[in-house]
Amino acid sequence: MSDEFVYRKRTDLFLSRWKGAKVQIRKYGPAHGQLTIRIWKPDRKDEVQLHCVECEHICGPFEWDNCQIEVEYVGKYLGEQICFVRDQSAGFVLKCRDASAAEMSAPPGNR
């Protein structure tokens, strides 16, 4: 089993655990087009951060409730991987090269 397969499955698992949570576009860094999406619940002390790299296109809100985010890896185009981060119920779509999730403790000011 490849490392790529493992982290994609882990990302899917984290996102499925956080369905219904709040979502916020957290930060964008122009180096490598990095975008972080924060997924959290007000009554919890942890959160998920979805890290997206080489972002090319975004459409939708910057914050919403009832997280239904899914990541679709659609293969390669001209030798480069492409994936879509979508929340159809919120009208959100992001096209990027890769996305991976990590669960972490939320900073005290963000709870």
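How many aromatic pairs does the count come to by the rule used here? The rule is that rings of Phe, Tyr and Trp (its six-membered ring) pair if their centres lie within 6.5 Å, with planes under 30 degrees apart counted as stacked, over 60 as edge-to-face and the rest as tilted. By this rule the count comes to one aromatic pair. It is formed by Trp64 and Phe92, whose rings are tilted, with 4.9 Å from centre to centre and 35° between the planes. Trp64 belongs to strand S5 (residues 63-64) and Phe92 to strand S8 (residues 92-96), so the pair ties together parts that are 28 residues apart in sequence. Both Trp64 and Phe92 are buried, where buried means under 20% relative accessible area, exposed means over 50% and partly exposed lies in between (1.4 Å probe, protein chains only).

The model is predicted: local features need pLDDT of at least 70 and side-chain atom pairs count only at pLDDT 80 or more, while totals for chains, interfaces and linings use all residues. Residues are numbered from 1 along each chain as its sequence is written, and side-chain values use heavy atoms, with hydrogens and water left out.

Now to the overall layout. The chain holds one helix and nine strands, and along the sequence these follow the pattern α-β-β-β-β-β-β-β-β-β. Helices (H or I, at least four residues) and strands (E, at least two) are DSSP runs, numbered from the N terminus. Of the 111 residues of the chain, 37% count as buried. Contact means heavy atoms within 4.5 Å; among the contacts in the chain with a separation of 6 or more, 53% come from residues 24 or more positions apart.

Five of the strands form an open sheet with antiparallel pairing, in the order S5-S1-S2-S3-S9. Two strands pair if DSSP finds at least two bridges between them. At the edges stand S5 and strand S9 (98-105), each with a single partner strand, so one side of each is left without a neighbour in the sheet. Strand S1 (residues 22-29) is joined to S2 by seven bridges, and the two run antiparallel. In that pairing, Tyr28 stands opposite Leu35 in S2, and Gly29 stands opposite Gln34. The hairpin of S1 and S2 has four residues between the strands, and His32 takes a positive phi near 65° there. S1 also pairs with S5 in the antiparallel sense, over two bridges, with Gln24 opposite Glu63.

Strand S2 (residues 34-40) pairs with strand S3 (residues 46-53) in the antiparallel sense over six bridges, and these two form a hairpin with five residues between them. Leu35 stands opposite Cys52 in S3, while the bridge partner of Thr36 in S3 is His51. Six of the seven residues of S2 are buried, so this strand is largely enclosed by the rest of the structure.

What lies inside? A nonpolar core is a set of buried Ala, Val, Leu, Ile, Met, Phe, Trp, Tyr and Cys residues joined through side-chain atoms within 4.5 Å. Of the 26 residues in the largest such core, Ile37, Ile39, Leu50, Cys52, Ile69, Val85 and Leu94 touch the most other members. The elements giving two or more residues to this core are H1, S1, S2, S3, strand S6 (70-77), strand S7 (80-87), S8 and S9. Leaving aside neighbours within four places in sequence, Ile39 is in contact with residues including Leu15, Trp18, Val23, Val48 and Ile69.

Another residue to look at is Trp18, in the loop between helix H1 (3-17) and S1. Trp18 is buried, with a relative accessible area of 0%. Beyond its neighbours within four places in sequence, its contacts include Ile39, Trp40, Arg44, Asp46 and Cys67. The side chains of Trp18 and Glu103 are joined by a polar contact of 2.9 Å; such a contact is a pair of N or O atoms within 3.5 Å, where, within protein, one must be able to donate a hydrogen and the other to accept it, and residues adjacent in sequence count only if both atoms are side-chain atoms. The charged end of Lys41 sits over the ring of Trp18, 5.7 Å from its centre. A charge sits over a ring if NZ of Lys or CZ of Arg is within 6 Å of the ring centre and within 35 degrees of the ring normal. Trp18 and Lys41 are 23 residues apart along the chain, and their C-alpha atoms are separated by 8.2 Å. Likewise, Arg38 lies over the face of Trp40, at 4.0 Å from the ring centre.
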